[in-house]
Amino acid sequence: MTISEPQKRISEQALTVWKIAATLHSLVVWVLAGGLIAITLIFDFPKWIIAAAIAVAVVYSYLFIILLPTLRWKRWRYEVREQEIELQYGVFIIKRTLIPMIRVQHVDTQQGPLLRKYRLSTVTVSTAATIHEIPALDMEEAENLRISISRLARVADEDV
């Protein structure tokens, strides 16, 4: 029996949240590049260092603000079935994870300030071994998913 690829996607708003977070991270790279440029000018180091610092900051910004969030969003999928939860994610290496309902211990939703601003939540599924996340779902969908997984996990527990 082959299980089909998960079909449900996370919210498209995830792109915006991830791009904002990446912009904040890339500001650190730009500050470091600015410091390197200042040191280069003060101590009369070779001018190619300035070009290299700017190039690194531009490439970093492009990769982490534009390219990677888009690829990450396109690959992220999930599916909740009666017997298991399937997650598919990754950018260059695609990972598929099956979480048997019988292994689910509890389910939570969580939000940081950015997710809250865009009315998104992350669903966390805890097993004895680890915690799995389904990021950036609409708040209502996340709450419904939390309740649904909780009910299915209870039913799976009773079957044992």
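## Strand pairing, an aromatic pair and a surface patch

Thr109 has Val123 in E6 as its bridge partner. The model discussed here is predicted. The two strands E5 and E6 (residues 120–126) are paired in the antiparallel sense over 5 bridges. They belong to an open sheet of 3 strands, ordered E5-E6-E7 and paired antiparallel. The edges of this sheet are strand E5 (106–110) and strand E7 (131–138); each has a single partner strand, so one side of each lacks a neighbour in the sheet. On average, neighbouring strands of the sheet are turned by 20° against each other, direction ignored.

The structure also contains 3 aromatic pairs. In one of them, Trp76 and Tyr89 have ring centres 5.3 Å apart and planes at 20°, so this pair counts as stacked. Trp76 sits in the loop between H2 and strand E2 (77–80), while Tyr89 belongs to strand E3 (residues 84–89); the pair therefore ties together parts that are 13 residues apart in sequence.

Helix H2 spans residues 48–75 and includes Ile66. Ile66 contributes to a nonpolar surface patch of about 430 Å², together with Val59, Tyr62, Leu63 and Phe64.

| Residue | Relative accessible area | Class |
|---|---|---|
| Trp76 | 6% | buried |
| Tyr89 | 24% | partly exposed |
| Ile66 | 43% | partly exposed |

Trp76 is classed as buried because its 6% falls under the 20% limit. In the stacked pair, Trp76 is thus the buried member and Tyr89 the partly exposed one.

Technical notes. Residues are numbered from 1 along each chain as its sequence is written. This is a predicted model: local features need pLDDT of at least 70, side-chain atom pairs count only at pLDDT 80 or more; totals for chains, interfaces and linings use all residues. Side-chain values use heavy atoms; hydrogens and water are left out. Patches are made of residues with over 30% relative accessible area and no salt bridge: like charges are joined within 9 Å, nonpolar side chains (Val, Leu, Ile, Met, Phe, Trp, Tyr) within 5 Å. Accessible areas come from the Shrake-Rupley method with a 1.4 Å probe; for residues, only the protein chains shown count as cover. A salt bridge is a side-chain nitrogen of Lys or Arg within 4 Å of a carboxyl oxygen of Asp or Glu. Helices (H or I, at least four residues) and strands (E, at least two) are DSSP runs, numbered from the N terminus. Buried means under 20% relative accessible area, exposed over 50%, partly exposed in between (1.4 Å probe, protein chains only). Two strands pair if DSSP finds at least two bridges between them. Axes are lines fitted to C-alpha atoms, for helices over the stretch in contact, and angles run from 0 to 180 degrees between N-to-C directions. Rings of Phe, Tyr and Trp (its six-membered ring) pair if their centres lie within 6.5 Å; planes under 30 degrees apart count as stacked, over 60 as edge-to-face and the rest as tilted.
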